[in-house]
Amino acid sequence: MAKLVHAEAGGEPMSGKIAVVDVVLNRVDSPEFPNNVHDVIYQPGQFTPVQNGRINNTPNAADYQAVNQALASGNRQTHSLYFYNPTIATNHWLDHLPTSQVIGNHVFKQ
């Protein structure tokens, strides 16, 4: 998960990094997605860094800290299943979903 956090939210505040972890965990809990972290992250077409290889970049201490905090808290700060950066997104299919939070450059959707 730290690799995904680094690739998706490397420049975001800690709360944004934690929210990315929450999205993965929410997907694991959802019947709409695979039921384990690896399969959620590597589900085809879900996370751009998996598609473009950025998932393989080395995470830093803050990325690991975000994962550890999200797992340790037991309470998720977002109940979202999706997030995106509307400034750089090339597809805006998420726009029609309710927004649950905006953190940094990411919009989190339910």
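The side chain of H106 reaches the backbone oxygen of E8 at 3.3 Å, a polar contact in the sense of a pair of N or O atoms within 3.5 Å, where within protein one must be able to donate a hydrogen and the other to accept it, and where residues adjacent in sequence count only if both atoms are side-chain atoms. This is a predicted model, in which local features need pLDDT of at least 70 and side-chain atom pairs count only at pLDDT 80 or more, while totals for chains, interfaces and linings use all residues. Residues are numbered from 1 along each chain as its sequence is written, and side-chain values use heavy atoms, with hydrogens and water left out.

H106 sits in strand β3; helices (H or I, at least four residues) and strands (E, at least two) are DSSP runs, numbered from the N terminus. With a relative accessible area of 4%, H106 is buried (under 20% relative accessible area; exposed is over 50%, partly exposed in between, with a 1.4 Å probe and protein chains only). Apart from neighbours within four places in sequence, H106 is in contact with E8, A9, E12, F83, Y84, N85 and Q101, contact being heavy atoms within 4.5 Å.

E8 belongs to the buried residues of α1, together with A2, L4, V5, A7 and A9. Helix α1 is thus a mostly covered element, with 6 of its 8 residues buried. What covers these buried residues includes α2, α3 (37–41), α4 (48–52), α5 (61–73), β1 (82–84) and β3 (106–109).

Two of these partners can be described through helix axes, which are lines fitted to C-alpha atoms, for helices over the stretch in contact, with angles running from 0 to 180 degrees between N-to-C directions. The axes of α1 (residues 2–9) and α2 (residues 14–29) come within 9 Å and cross at roughly 125°. The two helices are therefore oblique to each other (angles under 35 degrees count as roughly parallel, over 145 as roughly antiparallel, 65 to 115 as roughly perpendicular and the rest as oblique). The crossing of α1 with α2 is right-handed, meaning that the near helix is turned clockwise from the far one by less than a right angle. On the α1 side, L4, V5, E8 and A9 take part, and they meet G16, K17, V20, V21 and V24 of α2. By class, this contact holds 6 nonpolar, 1 polar and 2 charged residues (Ala, Val, Leu, Ile, Met, Phe, Trp, Tyr, Cys and Pro count as nonpolar, Asp, Glu, Lys and Arg as charged, and the others, Gly among them, as polar).

Helix α1 also packs against α5, where the axes come within 8 Å and cross at roughly 115°, again with a right-handed crossing. Here A2, V5 and H6 of α1 touch D63, Y64, A66 and V67 of α5, giving 5 nonpolar, 1 polar and 1 charged residue.

Helices α2 and α5 meet as well: their axes come within 9 Å and cross at roughly 55°, and the pair is therefore oblique. This crossing is right-handed. The contact involves M14, K17, I18, V21, D22 and L25 of α2 with A62, D63, Q65, A66, V67, Q69, A70 and L71 of α5, and its residues divide into 9 nonpolar, 2 polar and 3 charged.

Finally, L97 lies in the loop between β1 and β2 (99–103) and counts as buried at 17% relative accessibility. Beyond its neighbours within four places in sequence, L97 is in contact with Y82, K109 and Q110.
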